[in-house]
Structures are given as C-alpha cells and as structure tokens.
Amino acid sequence: MTQQARARLVLGNWKMHGSLAENELLLAALRAADTNSSSQIGVCVPFPYMAQAAQALQGSAVSWGAQDVSAHEKGAYTGEVSAAMLKDFACRWVLAGHSERRAYHGETDQTVADKARAALQSGLTPVVCVGETLNEHEAGQTLAVIRRQLTPVLALGADAVARMVLAYEPIWAIGSGRSATPEQAQDVHAAIRAELAALGTPQVQVLYGGSVKAANAASLFAMADIDGALVGGAALVAEEFLRIAAA
Ligand code: PEP
C-alpha cells in the first residue's frame, strides 16, 4: 500500500503541561486552524482538561484524546481512568505505552497491549508507542526491541490492530532536540510495516515521534512509511504545531 493511501496524522502530546488559562489560548488557535490542512490533527491532553478540550474543539477539524487509559473496565482501581470514561468526553485517541509510562510507571509490553484492547472495546483508537533506549540503539538492538514490544499488541489479532495507530518513538530522540534522521526512522518504520503486512494490516498508520519540529517535519514525512508524527514539546506552541501539520 502506498503512503498516499494512508492519511497523514499529526497528534500532539501535551504531557503534564497546561492550565485552564493556557489551554484556552492554545485550543482557540488550533480551532481556528485551516481545515484544509493535508493532515488529520489531534491533541492528547491531561485528563482534567478533557472536558475543556471537548468543548473548545467540538465541531472543528481537530480531534482530542488522552495520554493513558486503564486496562480495566471499572472497579477498585484508585486513580485510574477507564476507556468508557474517556468516551464520555468524545475522545478519539488514547496513547498506550508512551515511553514515559513504561519507564516511570512500570508498564510492560503486555500491560500496553491490555490498555490498547481496553481502548478498542470502548471505541477509542489506541496509539501504541514503541521505541528503544539510547543503549539499545547503540547496541544495534532497535529492531529486536520493537518486535518484542509489538508482540503482545499484534497478538490481539488483525481485526484489533487494523483499528490502531502505531508510533515509533526512539527514547533518545524524545525531548532531546535530536530527532532520528529520516532514513533512520524509515528503516524502523519499514520493519514495522513488514510486521503489519504479515498480519494482513499494512494500512495501519505508523507515526514517528521524537523532537519533531516544523523544520524537520517535511523531510520525515517524505519517507515512504512515515504517516505522520506524535509531537511533544512543539505541540504546546500552536503556530509550530500547525506548521508541522502543514509540512
Ligand atoms: C513525545 O513525548 O511523545 C515526544 C515525541 O516528545 P518531543 O516531541 O518533545 O520529543
């Protein structure tokens, strides 16, 4: 399947940033964005601001989502937020397995797959994040790590995987200002695409994440298997984020 057949998607991950006042300005600027952008656009906001995002973006070209979800449907899981709760706020996306969740909250490859399944069961689109550490990168283990991380996700089956988005985010590129080169990213995306093709789901969008900015977005998006971006820091500045989406 050619890249042209897969829509371009640019998602912002606000991480733990924002306030009601700051968000109001950012959301208003996104809402006013040119709806003819060549990319689908979405923002993944902190849980407390989901209602604010829903209200501000409703009816616009920009969709919204969350940065995490519980693997459980409901019950005694203090502090967790279920997929059904997110659905109440018309969320479209939910990140699953962002490297910061894996590193600081002990999320395993299986937990990430369980979260993706929970999201799908409520009609959300999980954006499953994978990526290697700098040590793994330098040891030439990138593809082995990505395959290991993807194994329980792909085991959910073709019907489930067809309704996901994947994001390759090398950990050494996140927040570092040092993006993977387009060629480095493409090599990994091609390997992910091969796994998807083997499952019968080559059409799944695979985003790149890691220090994406307006200045490097076009060269990344020119790669055959890069279908868009997951953007952290640059998603907090409306003009920069929209320039990435327009790249
Ligand atoms: C991210 O947090 O998913 C990310 C890619 O961050 P940044 O764009 O800041 O590297």
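What share of the contacts in the protein with a separation of 6 or more comes from residues 24 or more positions apart? And once that is clear, which residues does α7 bring to its meeting with α9?

A: Happy to walk you through it! Please keep in mind that this is a predicted model. Residues 24 or more positions apart account for 72% of the contacts in the protein with a separation of 6 or more.

Here is the setting. The protein is built from 11 helices and eight strands. Its radius of gyration is 17 Å, close to the 18 Å that the globule rule gives for 247 residues, so the protein is as compact as a globular protein of that length. Along the principal axes, the C-alpha atoms fill a box of roughly 45 × 45 × 35 Å. Of the 247 residues, 53% count as buried.

Now for your helix. Helix α7 covers residues 142-154. With 13 residues, α7 reaches 18 Å from its first C-alpha to its last, close to the 18 Å expected at 1.5 Å a residue. The buried residues of α7 are T142, V145, I146, Q149, L150, P152, V153 and L154.

Its partner in your question is helix α9, residues 182-199. The two helix axes come within 11 Å and cross at roughly 30 degrees, and the crossing of α7 and α9 is right-handed. On the α7 side, the residues in contact are T142, L143, I146, R147, L150 and L154. They meet V188, A191, I192, E195, L196 and L199 in α9. Sorted by class, this contact has nine nonpolar, one polar and two charged residues. T142, I146, L150 and L154 belong both to the contact with α9 and to the buried residues of α7.

V128 is itself buried, with a relative accessible area of 0%. For a sense of distance, V128 and K15 are 113 residues apart in sequence and 16 Å apart in space, C-alpha to C-alpha.

Terms used:
Residues numbered from 1 in each chain as written. Predicted model: local features only at pLDDT ≥ 70, side-chain atom pairs only at ≥ 80, totals over all residues. Heavy atoms only, no water. Axes fitted to C-alpha atoms, helices over the stretch in contact; angles between N-to-C directions. Helix = DSSP H or I, 4+ residues; strand = E, 2+ residues; numbered from the N terminus. Left-handed = near helix turned anticlockwise from the far one by under 90°. Contact = heavy atoms within 4.5 Å. Nonpolar A, V, L, I, M, F, W, Y, C, P; charged D, E, K, R; others polar. Expected span 1.5 Å × (residues − 1). Buried < 20%, exposed > 50% of the residue type's maximum accessible area, 1.4 Å probe, protein only. Rg over C-alpha atoms; globule rule 2.2 N^0.38 Å.
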